[in-house]
Amino acid sequence: MAFGDYQIELYLGALGGVLPAHPFGYAELESAAMAVLPPELRTYVAGGSGDEATQRANVEAFGRYAVVPRMLRASAERDLSVEVFGRTLSSPLMMAPVGVLGICSPDQHGDVHAAEASAATGVPLIGSTLMSDPLEDVVAATGDTPAWFQLYTPKNRDLAASLVRRAEQAGYEAIVITLDTWVPGWRPRDLASGNFPQLRAKCLANYTSDPVFQEMTGPDPDPGTVVMTWVGTFGHPVTWEDLPWLRSLTDLPILVKGICHPDDARRALDEGVDGIYCSNHGGRQANGGGSALDWLPDVVAAVDHRAPVVFDSGVRSGADVVKALAVGADLVALGRPYAFALALGGVPGLTHLLRSFQAETDLIMAVDGYPTRADLGPDAIRRTDR
């Protein structure tokens, strides 16, 4: 079944008197989710750094690109699949790591529920270091869909090695090292509300379940000891000198997340990483940096097919996915949309969102004459502001 056939399911359901229970547009989704989220999550998920100009720029940048329709190339069958690290994924979508995903679900098991939606849709989850359930429990729920593990590199090297080793043993298939979050960005919404979930001992299950961290806290630690131990080790400022050590921790593919400059992309590959993740953390970390989409073409050119390029930041629709693919990304990850969908509708709501993104991506490619992922090359996209 083509992904676009999801609309047929929805229309047939309506004929039987059942209308869709979950939103389609991002604005409606955000508004509805904000109404059900507790106050601390409203600022954390929806907010960005500074006056949020970079966050807005990420979204607005997609409006400066247009997919060029091509006719007389219609194909009843489309192929959205992409091969990465020896795996064939049915579509180019992923779920980006979200550090408060666990508490976006009322039962505080949002990471596991995202994994369940991953199993239902074939959309891989990149599990965050900051989970509400241990990483082993999360990956166990992904079924046959591959999952990756995102590492916030701690100052304690033994702890870093333990987290990576656990991820490898649990069945994660790649390690994503986030480079731009060794210190929290300036987030006025969170500052005004005094909101920092980890300082309230939330989303720390990967630490409290880790034997190295347990040695650091001692037996039966109180929440305050857990938090202050975490504060003391979180956030090693990763430099080029750290890459050989990080590379030595695992035989799994390693991607570096936060790359926006072509020179950084080239050097990272030369230093032995296996994939480039172009992102500005959705505008949550550094304001004034422009849109990640505007940096993507140069990053793709620098990578020059040597490794897969993952992209996130500002993706709000299937049309955005198509544009990012045409610019050159191999995989496109969702952030805020899927956190909101999980908060609002649980596993069914998130499954609906992921299937909707897949369907819209598929149908745009069908209507515009791009039947396969390989057809979405540079000729398929134009900057409309030039």
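Q: Helices (H or I, at least four residues) and strands (E, at least two) are DSSP runs, numbered from the N terminus; which residue takes a positive phi just after H15?
A: This is a predicted model, where local features need pLDDT of at least 70, side-chain atom pairs count only at pLDDT 80 or more, and totals for chains, interfaces and linings use all residues. Residues are numbered from 1 along each chain as its sequence is written, and side-chain values use heavy atoms, leaving out hydrogens and water. The positive phi just after H15, about 140 degrees, belongs to glycine 328.

Q: How many of the ten residues of H15 are buried?
A: Buried means under 20% relative accessible area, exposed over 50% and partly exposed in between (1.4 Å probe, protein chains only). In H15, the buried residues are Gly318, Asp320, Val321, Val322, Lys323, Ala324, Leu325, Ala326 and Val327. Helix H15 (residues 318-327) is thus mostly covered, with the number of buried residues being nine.

Q: Which residue caps the N-terminal end of H15?
A: Look for a polar contact, a pair of N or O atoms within 3.5 Å with one able to donate a hydrogen and the other to accept it; residues adjacent in sequence count only if both atoms are side-chain atoms. Here the backbone nitrogen of alanine 319 lies 3.3 Å from a side-chain oxygen of the cap, serine 317.

Q: What is the volume of the largest cavity?
A: A cavity is a set of points on a 1 Å grid over the protein atoms alone where a 1.4 Å probe fits but cannot get out, and lining residues have an atom within 4 Å of a point. Grid points are joined across faces, edges and corners, and a volume is the space filled by probe spheres set on the points. Five cavities of 30 Å³ or more are found in the structure. The largest has a volume of about 480 Å³.

Q: Which elements give two or more residues to the lining of the largest cavity?
A: This cavity is lined by 34 residues, and Pro97, Val98, Gly99, His281 and Arg284 are those nearest its centre. The elements giving two or more residues are helix H3 (39-46), strand S11 (331-334) and helix H16 (336-368).

Q: How many charged residues are in the lining of the second largest cavity?
A: Nonpolar covers Ala, Val, Leu, Ile, Met, Phe, Trp, Tyr, Cys and Pro, charged covers Asp, Glu, Lys and Arg, and the others, Gly among them, are polar. The second largest cavity holds about 60 Å³, and its lining includes Tyr152, Trp182 and His236. That lining has five nonpolar and five polar residues, while the charged count is none.

Q: Which helices hold arginine 166 and glutamate 136?
A: A salt bridge is a side-chain nitrogen of Lys or Arg within 4 Å of a carboxyl oxygen of Asp or Glu, and arginine 166 forms one with glutamate 136 at 2.8 Å between the closest N and O atoms. The pair ties together parts 30 residues apart in sequence, because arginine 166 and glutamate 136 lie, in that order, in helix H7 (residues 157-170) and helix H6 (residues 135-139).

Technical notes
1 Å grid on protein atoms, 1.4 Å probe; cavity = no way out; pocket = protein on both sides within 12 Å on 5 of 7 lines; lining within 4 Å.
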